[in-house]
2 protein chains.
Amino acid sequence: MQEESATPDGQARRSAATRARLLAAAREIFAADGYQAASTPAIARAAGVSRGALYHQYDDKAALFRDVVATMQAELAERIDAETRMLADDPMAALRTGTLAFLRAASAPDFARIVMIEGPAVLGRDDWSGIDRAAGTATLRDGLAAAMAAGRLAPLPLETLATVLSGAMNEAALLVATAPDPAAALAGAATVLDAVLDGLARPANR
Amino acid sequence: MQEESATPDGQARRSAATRARLLAAAREIFAADGYQAASTPAIARAAGVSRGALYHQYDDKAALFRDVVATMQAELAERIDAETRMLADDPMAALRTGTLAFLRAASAPDFARIVMIEGPAVLGRDDWSGIDRAAGTATLRDGLAAAMAAGRLAPLPLETLATVLSGAMNEAALLVATAPDPAAALAGAATVLDAVLDGLARPANR
DNA sequence: GGAAGAAACATACAGTCTGTATGTTTCATG
DNA sequence: CATGAAACATACAGACTGTATGTTTCTTCC
């Protein structure tokens, strides 16, 4: 039933393999050099394919970058989902756990630079928001909706709240990513974000 | 005693004039096309100077962009300062007023794109944070420190709190900037941000 | 007031990159 | 196995950035 590990032989497999090589190489080079300084010759060389193969698989450099961003966002969402799935009955606990999981994953240097710093600039704010809403913020929005429905969270416009909190969490992750002492920074960021959530929380019986 | 309007004649005035022309032209073109697509030939042409003049005044394209960002940040900080200066005795009111002033100013399309979206990507996160800390976030941090000192705000690590709230406010401004109904979006964003601040507030007598 | 030096500006050039156009190999299919 | 298409490789045109070199304008000092 799985479609990924089924190793579809032939051209499909060939294409998938080069795309995978390009994705891995691009991710590394984009993270190290930034979008603008990452040249397509360098990426193709690192991937072990020609530049022609790159332009056959992707419309342009931005499309390759977009695929990298979408892949990383999907990986992150999956990871957070896995950590919060078992907490469906306690929405506030799920939010707190999800926040911590997000901080840990999103503060990885490559994620911070590629997805959060360069993503909006390269893809444009709208396109980037679409990817983010489909992956990262979706999880957050669902969590907030659940908490609000359970009366554990102050009633506020959901989309706006999700966006604002997402911004706060992104900035916190970037802070952790560049901190000299990441562990301490992560603890501090978690404390502040928990305080923000607490401030918006409502007691269980009301 | 004024040094700006004193029209320093000669070469200093000549340089200042070309820099001003370049700044204005660059601001417009960066806002319209983005950093990457904004070519130095186009900027020089729009400013009415040669490309040589541009490279004489600035080390490279990024330095010109940096000057644009710093100028816009300084303008914003000055504007917020002016609106909150008279509220020094009520720190929470100053924070709320400042938030609204920030949302109004930072949701201008050119500010959103140049300073908030492209700034970190072009200048690098650290350099951008330095400019932001010197201008925008400084005002916020001072306001938070005052409120905390007065016991009106939950005691939290100041720098982290300022960064996190700054992220929330930036994201809110971007939301307003691209909203179909900016007035409504601004009201919603202000409501959410006020709720966040309220959640962190402490009663006056304690 | 004029000559020497520096600052501001303009032009020309080298190197690199992006995206496309054209050619070649590998695979699918009847 | 021959035909067509997909995947890949190479060659090319156009554009841009940053620098090097040349010219004009101002300053300064004798």
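## Contact between chains A and B

Chain A and chain B each bring 32 residues to their contact, where two residues count as in contact if their C-beta atoms, placed from the backbone, lie within 7 Å. The model is predicted: local features need pLDDT of at least 70 and side-chain atom pairs count only at pLDDT 80 or more, while totals for chains, interfaces and linings use all residues. Residues are numbered from 1 along each chain as its sequence is written, and chains are lettered from A and ligands numbered from 1 in the order in which they are written.

On the side of chain A that touches chain B, two or more residues come from each of helices H6 (109-123), H7 (125-134), H9 (158-178) and H10 (182-200); helices are DSSP runs of H or I with at least four residues, numbered from the N terminus. H9(A) has the largest share, 13 residues. By class, this side holds 18 nonpolar, 10 polar and 4 charged residues. Ala, Val, Leu, Ile, Met, Phe, Trp, Tyr, Cys and Pro count as nonpolar, Asp, Glu, Lys and Arg as charged, and the others, Gly among them, as polar.

## Surface near DNA strand D

Among the 21 residues around DNA strand D, the nearest are Ser50(A), Gly52(A), Ala53(A), Gly10(B) and Thr40(B); near means a C-beta atom, placed from the backbone, within 6 Å of the strand. H3(A) gives the most to this surface, with 5 residues.
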